[in-house]
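My notes follow in the order of looking.

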Amino acid sequence: MSEFSIKDGLEGLNSNELIKLIMNLIQREGQARLHVLEWLEQNCDINKKASNSNKKSKSPKIHDELLFEYWNNAQSIISEFNCYGGGPEEEEEEVCEWLEKISDLIKEDKITPEAKRRFMEEAFVEYDDGNSGFDDGLMDLFFELCKEKDEWEFLVQKLNRRKSDWRKTLVMRIYRDQLKDDSRYLEERFNNLHYGMDYWDLAQYYIGKRNTKLALEVAQKGIEQGDGRLTELYDYLIDHYSELQDKDHLESIAEIAMQRKNDESYVLERLFTFYKNGDYEKAKEKLILVYKTTHHKRYFEEYKRMKNYLSESDWEKIEPEIVNEAQNNNMHDYLSICLQKGMKDIVIKTIISPPVNQWGYASFSDFDIFAKKLEEEYPREILEYYYKKAYRRIPNGDRKTYKEAVKYLGKVKAVYLKHLKDKDGWTQMLNKLLMEFKKRPAFIDEVRKSKL
């Protein structure tokens, strides 16, 4: 083994020779420059002493250089992602690591204004392409990078070069939150009031300014004219008028929601909550409207809630409607209602012979939850249910369906032994089944492993 020591060899070099060696390594190895810059950045105190000793030399802008080293590594991948609309997961993770390094560098707050501007110029080329999946990450960096007024204005300039609703939102956010330019924010905001969230953004601005009158006006206009999500606007108005006990305004809000068919169930639910402890007739009206306007109904939950709240006479009027709709649209909820009403014979009949649709398929085939509840009271019927579930998984089955069949056979055994006290019956049934499917060794093997 060679006795040569690299450490001894390096110690024998003078400073010029060390510099030549390092520059040679940088030219030979692509990442060597980055490693040198990171070493210098981590040992910045030494670097500062060296620069101060020679007043004619400029202090190296290490953070600027690191910024572009990191960015060059990220940009080469982001550019490819923009071309193809994505890329390998490992390359995506690599970009995220480089962008995180840039973020950490920005937090040190030592990047020069010139480097910031140059970085944004270069990064916006990729951001404008908008096909890489890294747009949000890049915009986060832009927001972290900007500190001074001229930097924010430069970012606004870059955003305004292309038009989109999201870019307009970002520009307004900058005017409002960073530049504190109320007039420019309001000018942009009033020119971009289309969606409910646009109106909510403006309402929040007035709320922050403690101008309740204008906030309410904007929120009201938003629920009348805004498209898309209106929930925050409705909440703000309902909270305000509920506190004032202003029923006229609350009823007006409900009418608008129902006319526009936007969040009507949500608004009516909130008004039911408002009325339920003080105005039975209004609460009843809203509760029934919640049921009628809800698109994906939870029949059993609504059944229980209405039964608990409505008077006996009012409940008798609405109950048949809920039961019939549940029977037609959600068999699981219908059977839950039947159990609640004590109509167990209907539940038993349904789970053993489920209703079929126009194509001949059972509308709801997994009734295990009902079988479990009824197996003690109706053991023979539930035994039949479990046996059918097991049997139909065997004839054209595979290992997966055999395992499922064995699971249901275990339920059959439990009913025989626990509720019917008939061990012989269980043994005869199992032997008959094993004889019928003796040419299915995989099924026989699953039964054996289960120790039925």
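Entry one, a lysine. I looked up Lys158 and found it in helix H9, residues 149-159. The model is a predicted one. Beyond its neighbours within four places in sequence, Lys158 is in contact with Glu121, Phe124 and Arg167.

I found a negative patch whose members include Glu89, Glu100, Asp104 and Glu108. I placed Asp104 in helix H6, residues 89-107. Asp104 is partly exposed, with 41% relative accessibility.

I read off a count of 38 salt bridges. In one of them Asp235 pairs with Arg270, with 2.9 Å between the closest N and O atoms. Asp235 is in helix H14 (231-243) and Arg270 in helix H16 (264-275), so this pair ties together parts 35 residues apart in sequence. Arg270 is partly exposed at 24%.

I then looked up Asp279, which forms a salt bridge with Lys247 at 3.7 Å, N to O. Asp279 lies in the loop between H16 and helix H17, and Lys247 in helix H15, so parts 32 residues apart in sequence are tied together. Lys247 is partly exposed, at 36% relative accessibility.

Glu269 and Arg305 also form a salt bridge, at 2.7 Å from N to O. Glu269 belongs to helix H16 and Arg305 to helix H18, so the pair ties together parts 36 residues apart in sequence. Glu269 is partly exposed at 25%, and Arg305 is partly exposed at 24%.

Last, I noted one network in which salt bridges with shared partners join Arg399, Lys403, Asp445, Glu446, Arg448 and Lys449.

Key. Residues numbered from 1 in each chain as written. Predicted model: local features only at pLDDT ≥ 70, side-chain atom pairs only at ≥ 80, totals over all residues. Heavy atoms only, no water. Helix = DSSP H or I, 4+ residues; strand = E, 2+ residues; numbered from the N terminus. Contact = heavy atoms within 4.5 Å. Patch = residues over 30% accessible without salt bridge, like charges linked within 9 Å, V, L, I, M, F, W, Y side chains within 5 Å. Areas by Shrake-Rupley, 256 points an atom, 1.4 Å probe, with all protein chains shown as cover. Salt bridge = Lys/Arg side-chain N within 4 Å of Asp/Glu carboxyl O. Lys, Arg positive; Asp, Glu negative; His and termini not counted. Charge placed at Lys NZ, Arg CZ, Asp CG, Glu CD. Buried < 20%, exposed > 50% of the residue type's maximum accessible area, 1.4 Å probe, protein only.
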